Amino acid sequence: MTRTAVVNDYKHPQPGATSTLTLDEKVGQEIVKNGIKRPKGYTVSYHANPEVEKMHFGPKHPMKPWRLTLTNKIVLAYGMHEAMDVYIPRAATFQEMTEYHKDDYIQFLSWVTPKIKLDPEASNIFPYNMGDDCPVFDGLYEYCSLYSGASLDAARKLTNNQSDIAINWSGGLHHAKKAEASGFCYINDIVLAILQLLLYHPRVLYIDLDVHHGDGVEQAFWSTDRVMTLSLHKYDKANFFPGTGGSDDTGPKNSANPGAHHSLNVPLQDGIDDESYVQLFKDVVSPCIGTYQPTAIVIQCGGDSLGGDRLGCFNINIRAHGACVEFTKKLGLPLLVLGGGGYTPRNVARLWAHETSVCLGTNLHPSLPAHTPFIEHFAPDKSLYPELSQTGRYDNKNTGKYLREIVTSIREQLRYVQGSPSVQLQHVPPDLGAVRDEVEREIQEERDARDFGRRRKERGAGIRGEYAHE
């Protein structure tokens with residue numbers, strides 16, 4: 001009787017031998033295809049805590065933290081994480097957040113829950129400006145501390161020379177005030193990060209690309225010459241939030257105040273296009289750099305200035321927005337890159353993924369990788385660079401004459417800035433590094449205590465992890 005082989009030896013196919021590839025292999029192909037590698041001469045760090053992505057403002061609220069999930073999935077699908085130092089930052093502590101915000105406001109955020117009915121007439125509730133724009137939702141305090149902690153961590157990586165460009169897309173919430181929420185923003189992580197930078201940098205330039213005026217940051221540094229704020233935004237005092245940021249809003253009117261002429265605004269009308277926006281950006285940023293001579297830059301990359309945004313009114317495409325980040329990057333100064341507004345999640349994710357590649361100096365293939373999770377949300381084109389300027393297009397009301405007048409106004413204000421300011425008499429915020437070290441020591445002590453208790457219970461047990469009967 002002839003014997004036949006019932007079981008044959010199985011040989012695993014080599015990578016590429018079949019159409020079935022592991023996710024790592026697919027990402028590896030994208031890395032090669034897009035030429036993704038660590039930048040030469042500088043380091044980029046990426047700060048993202050996945051817990052922020054789980055937060056939910058409510059079904060009808062335009063702010064969707066889920067846009068961060070889409071962003072990170074695109075970054076990972078292209079393999080950009082391989083070219084950066086990636087950190088999962090811890091949450092900011094109460095003490096860290098009260099370096100700018102008032103104690104009673106942070107305490108309020110720490111205990112308020114959706115189950116507590118807020119009375120708008122109650123004096124202890126109304127001043128905090130909670131309501132439809134800034135709702136109370138489950139996990140609110142955790143959300144605030146997580147995105148703020150990421151911005152602080154990014155700023156520290158810059159001051160410690162561990163990074164040259166630090167990215168936190170969950171941050172950039174520029175409307176929050178010292179003692180109240182505003183415009184979907186509760187904690188002003190930008191202010192906290194700049195305070196950290198000021199411990200080591202004499203001058204910081206803050207640039208805001210959000211379609212809404214960066215009023216919270218401007219207000220925080222209104223009376224100091226150690227921070228210059230520059231905001232490009234839609235301006236309509238009566239009909240567009242927050243109604244501030246006119247060309248004559250340049251800081252305190254008293255020229256003796258150190259902050260005079262250090263708050264610069266670029267008020268725009270509906271419909272500005274790519275070419276006009278990028279050229280305007282270069283025309284106003286260049287003289288600011290030359291006159292103010294900052295030693296670090298913070299740029300807020302709000303995605304609501306893109307065409308087709310749910311709350312926006314510009315006709316800007318992704319590459320044009322990214323060109324502003326690229327111009328800023330080429331200045332060669334320590335750079336903190338933050339998120340901000342943006343209410344069409346798929347386009348915000350595309351933008352921030354592209355601007356991550358800008359920071360890395362990489363040109364990405366326009367077709368999103370086929371293995372990108374949730375790729376159906378980017379249908380029908382599934383492209384990184386869809387044509388947004390034609391989506392709900394606004395007529396461009398920004399004439400060449402008007403834009404030239406803006407540039408002239410900015411240059412005129414800079415004439416009053418007497419070079420780089422002295423810092424000897426300026427208030428220097430306390431070093432939050434000591435607070436961080438103390439918190440981390442406490443966390444380690446708690447872990448050690450738990451481990452000691454577990455080992456004590458396991459003493460004499462035959463298997464690790466099974467408690468001995470006492």
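Modeller: Let's settle one term first: a residue is buried under 20% relative accessible area, exposed over 50% and partly exposed in between, using a 1.4 Å probe and protein chains only. This is a predicted model, where local features need pLDDT of at least 70 and side-chain atom pairs count only at pLDDT 80 or more, while totals for chains, interfaces and linings use all residues. Residues are numbered from 1 along each chain as its sequence is written, and side-chain values use heavy atoms, leaving out hydrogens and water.

Biologist: Thanks! What percentage of the residues in the chain is buried?

Modeller: The chain has 470 residues. Taken over that total, the buried part comes to 52%.

Biologist: And how many helices and strands does the chain have?

Modeller: Helices (H or I, at least four residues) and strands (E, at least two) are DSSP runs, numbered from the N terminus. On that basis, the chain has twelve helices and eight strands.

Biologist: Arg-67 could illustrate that. How many residues separate Arg-67 and Tyr-343 in sequence, and what is their distance in space?

Modeller: Arg-67 is found in helix H2 and is buried, at a relative accessible area of 3%. Leaving aside residues up to four places away in sequence, Arg-67 touches Gly-340, Gly-341, Gly-342, Pro-345, Val-348, Ala-349 and Trp-352. As for Arg-67 and Tyr-343, they are 276 residues apart in sequence and, C-alpha to C-alpha, 8.6 Å apart in space.

Biologist: Which residues does Glu-82 touch, not counting residues up to four places away in sequence?

Modeller: Glu-82 is found in the loop between helix H2 (66-78) and strand S2 (85-87). Beyond four places in sequence, Glu-82 touches Ile-31 and Arg-38.

Biologist: Now the rings. Which class of aromatic pair do Phe-108 and Trp-111 form?

Modeller: Rings of Phe, Tyr and Trp (its six-membered ring) pair if their centres lie within 6.5 Å; planes under 30 degrees apart count as stacked, over 60 as edge-to-face and the rest as tilted. By this rule the count is 14 aromatic pairs. For Phe-108 and Trp-111, the centres are 5.3 Å apart and the planes make 85°, so by the cut-offs the pair is edge-to-face.

Biologist: Which helix holds both Phe-108 and Trp-111?

Modeller: Phe-108 counts as buried at 1% relative accessibility, whereas Trp-111 is partly exposed at 42%. The two are three residues apart, about one turn of the helix, and that helix is H4 (residues 103-111).

Biologist: At what distance from the ring centre does Arg-319 lie over Tyr-385?

Modeller: A charge sits over a ring if NZ of Lys or CZ of Arg is within 6 Å of the ring centre and within 35 degrees of the ring normal. Lys-157 has its charged end over the ring of Tyr-87, 4.4 Å from the centre. Arg-319 lies over the face of Tyr-385 at 3.7 Å.

Biologist: On to H8. What distance does helix H8 reach from its first C-alpha to its last?

Modeller: H8 spans residues 274-292, which makes 19 residues. The expected span of a helix is 1.5 Å times one less than its number of residues. H8 is close to its expected 27 Å, reaching 27 Å.

Biologist: Which elements do the buried residues of H8 pack against?

Modeller: The buried residues of H8 include Tyr-277, Phe-281 and Tyr-292. Their packing partners are strands S4 (204-208), S5 (227-234), S6 (263-268) and S7 (296-300), along with helices H9 (318-329) and H11 (400-414).

Biologist: Which residue's side chain has a polar contact with Gln-413?

Modeller: Gln-413 is found in helix H11 and is buried, with a relative accessible area of 15%. A polar contact is a pair of N or O atoms within 3.5 Å; within protein, one must be able to donate a hydrogen and the other to accept it, and residues adjacent in sequence count only if both atoms are side-chain atoms. At 2.8 Å, the partner side chain is that of His-261.

Technical notes:
Contact = heavy atoms within 4.5 Å.
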